[in-house]
Amino acid sequence: MKAMSKQPVQLARRYVTCPDSDRKTFYMSHCTKMLYTEKTEGLSKDQKLTALGHKYTQDGSKSLQATGTPLEGKVPRSFVSLPALNPERLKTARALVDKAISLHKVFSVQGPYPVIRTALRARGWVEQRLHRPKRKAHHRLSEEGRARSNDAAGSDEYEDNVIKEQDPDRLYDIMSRLVRNEMVYFYWTVRRDAINPNSLQKEQIINHFAKAGSFTTKSGLCVNLRKLHWFDTADPDTFFPRCYKVAAQDEKHAFIEDYRRTACTSFLKYIVEREQGVQAEGLGHNIRGARKRSKQRSRPVDLPQMISSALKVCQYFLESLEHRDIDRNQEPPLTEEEWEEFIHNYYLVVHGGEKIENSDLFVTCCKAMLQRLVEVCPQLDIDGIHNIWIIKPGAMSRGRGIKCAKRLDQILRLVDGDITLIRESKWVVQKYLERPLLVHGTKFDLRQWFLVTDWNPLTVWFYKKCYMRFSTQPYSLNTMDNSVHLCNNSIQKHLRPSQQRHQSIPADNMWSDDQFRTFLSSQGRGAQWQTVVVPGMKKAVIHALQTTQDLMDSRKNTFELYGADFMLGHDLCPWLIELNASPTMSPSTPVTAHLCTAVQKDTIRVVLDRRADRSANTGDFQLIYKQAAVDVPQYVGVNLLVEGNKIRCPCPLPPLNCSGPKRCSREKEPAVEKVKSLPKMLLKSQFKNISSGIPPPSPLPPDPPVSVTKKGFALHLPMTVRTIQLTTNAQSHSALLWKRKREVPKFSSEKVQTCNLKKDQGLSLSLEIIPKQPRQATTSSFSA
């Protein structure tokens, strides 16, 4: 830059012929500014602005008047004059801002969200625009940050391509400048970590709860749904495919056991379906083609041995569910060598199409076992026969890193491949729905919105509208490609739809719920949408939130909109796949352009309008759950521990039944005998010596001061007797109760109370004894 200031004209002419147009334009602009500075030396500020304005022609081209030599080319920025400040517009902006400040209606939105901005401005809110920091190229997000999920990245993509809002009068800019130093009372952000909830005041509203990773991540949902039995009687296996965090060793062993057991049940189902001629939907010519390839195999398959092993494993599993395996030896049904042999033959028969004979002889026993398993295994129907599992990174989004696999060795190889995910225990393996409901032979999933406005009491709003997302390829189990098995729009939008796919499915791969209900009506199942699908989705959402309620931050004036992904089985039963925070609101298709706009407007109705008026219109949001408020305990911890030390008794008391003739009276006497009075002087000196730790001058008389007929006891002094209470079984008896103050041990007539005992009331004696040793106490209770 110093060289450019010495010879500006020569440098400007040199860069005119520069081949790099961007570089030429950049340096030419700087040269022009420096020439203008040298030419206008000594002029006032207004004269410099006038001269600068004359340098720009009406068509936007620029000429260098200082040297008389025109410089051709475009400048990166044109000289745009700001519109004149209209006093009336400024007065209007000031009035709107003053009213908004007095009503605490200042909001801030991060991201595009033009619907949210429009809805808030229509309610008299004024925006304070946030400064958007530059994104770091290498920024490691936490698990909860990555779990913004399916969808925050989609919102970012929409944010990058969004068209700026139309503000011809610059009224919103002026109002934003006027409230730049005011407190924001409503935050709407894309990312959870954009605003720290702990730094907010009580009246400020934000659209994200803290610690939502407990259910918005795949690993968090997998772990917490297992605790559902503590909150409800529902079984998570009825709406959530079983899932394991295989990075942990105990979870890995449980998955291997589940995979082997599923292979046994799948083999039994294969035998039954083969005999019945049933071919699973989506298999195509997989079995017939596999049989042709299996002709080259020469290794025979011992069918009776395989069926016997499968039945043995299933019987072992049923007994464990019924808790009949408690007293038996904990020996596995099959050894490791037997498991390897069975799994190998299972691959040959089911995956490879190996020919087996005389399978019809075993159909009856296979049917009987499957019938018993159906009663205890809700997921037996969706398991299929291929034993396919889906491997997911526990906290990634938009289908990244997800793979499907059939073989156990392939699954373990995928899980053990990424050291980072292993170290962070983020791998999740979930049972794949091999037999989902298909629309014209194509797989789809369902995106459903719900809104949480409070966690204590848990308050859930369910949106009545949803949409379906299709894959671009027809459903088939011949391939494990994600284009067939994953319906994420972030994956399918980059693929070209297959020509073999049904023409009724649109090219944008989306249906609204109304279009899907029309399809169900054409199949004669239209009524099941309201009786099976919607109630099932509501229950799944509520149960998932119940298990994480204790882990969430129950800050008031906070809400969050979530997106749930479901798949439907053959019986239209919904299966929860995952829950997503910050669901995308980009109008990528006509379906999402309509529904995403509606759900944002209705969210503002629930969050703001209903705060002022409980009878306000909430749009398509329906309140489906609101539990009673729960008092938060003073201490909430994982482990509650009570510690204590054992109190040792220096002089153990003798048993109640004593055989000594001097201690117990064998004669029949009344139930209660009057207490013999002791000399006052003896008592005072006795207790004073005991309290001071000095032994008494003379021992007590051999007979105790209290005698009880039939059963007696002996007292060993020195000790202090504070309270003695007697009761008896006699019909009409009385007992004496005397007390002594700690400071002044006195026995007077005022301290003696007589209480009448009811009939059949047991005889009991309670003593509180303080021995000679300091800081030790023993409490004994005698009953007769």
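Is lysine 465 buried, partly exposed or exposed, and at what relative accessibility? In this predicted model, lysine 465 comes out as partly exposed, at 25% relative accessibility. Its place in the middle category follows because buried means under 20% and exposed means over 50%. Lysine 465 has a charged partner, too: it forms a salt bridge with aspartate 514, with 3.7 Å between the closest N and O atoms. This pair links distant parts of the chain, since lysine 465 belongs to strand β10 and aspartate 514 to helix α22, 49 residues apart. Aspartate 514 is also partly exposed, with a relative accessible area of 39%.

That brings us to helix α22 itself, which covers residues 513–522. Four of its residues, Asp513, Phe516, Phe519 and Leu520, are buried. They sit on the same side of α22, because they cover an arc of only 115° around the axis. What do the buried residues of α22 pack against? Their neighbours are the strands β9 (444–455), β10 (458–470), β11 (510–512) and β12 (560–568), along with helix α23 (528–546). Just after α22 comes glycine 524, which takes a positive phi of about 75°.

Back to charged pairs. Side chains of opposite charge can pair when their charged atoms come close. With aspartate 258 it forms a salt bridge whose closest N and O atoms are 2.8 Å apart. Arginine 242 lies in the loop between α11 (218–224) and β5 (243–244), while aspartate 258 is in helix α12 (residues 249–276), so this pair ties together parts that are 16 residues apart in sequence. Arginine 242 counts as buried because its relative accessible area is 15%, and aspartate 258 is buried as well, at 2%.

Arginine 242 also meets aspartate 383 in a salt bridge, at 3.1 Å from N to O. Here the link spans distant parts of the chain: aspartate 383 is in helix α17 (residues 380–383), 141 residues apart from arginine 242 in its loop between α11 and β5. Both arginine 242 and aspartate 383 are buried.

Key:
Residues numbered from 1 in each chain as written. Predicted model: local features only at pLDDT ≥ 70, side-chain atom pairs only at ≥ 80, totals over all residues. Heavy atoms only, no water. Buried < 20%, exposed > 50% of the residue type's maximum accessible area, 1.4 Å probe, protein only. Helix = DSSP H or I, 4+ residues; strand = E, 2+ residues; numbered from the N terminus. Arc of directions from axis to C-beta. Contact = heavy atoms within 4.5 Å. Salt bridge = Lys/Arg side-chain N within 4 Å of Asp/Glu carboxyl O.
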